[in-house]
Amino acid sequence: MHLTGADTLFDGTSGVTVVFAEELADGAAIAEVARARGLDVPRDLSIVALGAPTRPVSTDIDFAGFRIPRREMGRRAVELLTQVLEHGGTPQELLACELVEGSTLASPISESEKRQSPRG
């Protein structure tokens, strides 16, 4: 997988502590690259996956993230578009996303913890 800007993302100097991946397959690829560069997920880099997988991926990683109601979003989008076409306006609607706990999200470690760590 080609990741634009990946060199600075994974070199430990960017200050990035979490990555949001829209696709589970992308999250798995990011985790693989991070681990290959010596980073621990989630100690050094947290990864949050957004939504259910839409592309096949084989991974045993238990991703933290959000379950996005994509079907409901599509259904409501069609209803709102119909409303706009018939009556005008610019309606907005928020749909709740369910938090999915997993093993890929942790609080960033502090600078003092980094200095005390044998890896820091």
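Because the model is predicted, local features are taken only at pLDDT of at least 70 and side-chain atom pairs only at pLDDT 80 or more, whereas totals for chains, interfaces and linings use all residues. Residues are numbered from 1 along each chain as its sequence is written, and side-chain values use heavy atoms, with hydrogens and water left out.

The chain holds four helices and four strands, taken as DSSP runs numbered from the N terminus (helices, H or I, at least four residues; strands, E, at least two). Along the sequence these elements follow the order α-β-α-β-β-α-β-α. Of the 120 residues, 28% are buried, where buried means under 20% relative accessible area, exposed over 50%, and partly exposed in between (1.4 Å probe, protein chains only). The accessible surface amounts to about 8300 Å², and carbon and sulfur atoms account for 53% of this area; the areas come from the Shrake-Rupley method with a 1.4 Å probe, and for residues only the protein chains shown count as cover. When contacts (heavy atoms within 4.5 Å) between residues at least 6 apart in sequence are considered, 67% join residues at least 24 apart.

Helix H2 covers residues 24–36. Its 13 residues should span 18 Å at 1.5 Å a residue, and the end C-alpha atoms do lie 18 Å apart; the expected span is 1.5 Å times one less than the number of residues. Buried positions in H2 include Leu-24, Ile-30 and Ala-34. After the helix comes Gly-38, with a positive phi near 90°.

Phe-66 belongs to strand S3 (residues 64–67) and is partly exposed, at 32% relative accessible area.

Thr-104 sits in the loop between strand S4 (98–100) and helix H4 (111–116). With a relative accessible area of 1%, Thr-104 is buried. Its side chain reaches the backbone oxygen of Ile-47 at 2.5 Å, and a polar atom of that side chain lies 2.9 Å from the backbone nitrogen of Ala-64. Beyond its neighbours within four places in sequence, Thr-104 touches residues including Val-41, Pro-42, Ile-61 and Phe-63.

Conventions
A polar contact is a pair of N or O atoms within 3.5 Å; within protein, one must be able to donate a hydrogen and the other to accept it, and residues adjacent in sequence count only if both atoms are side-chain atoms.
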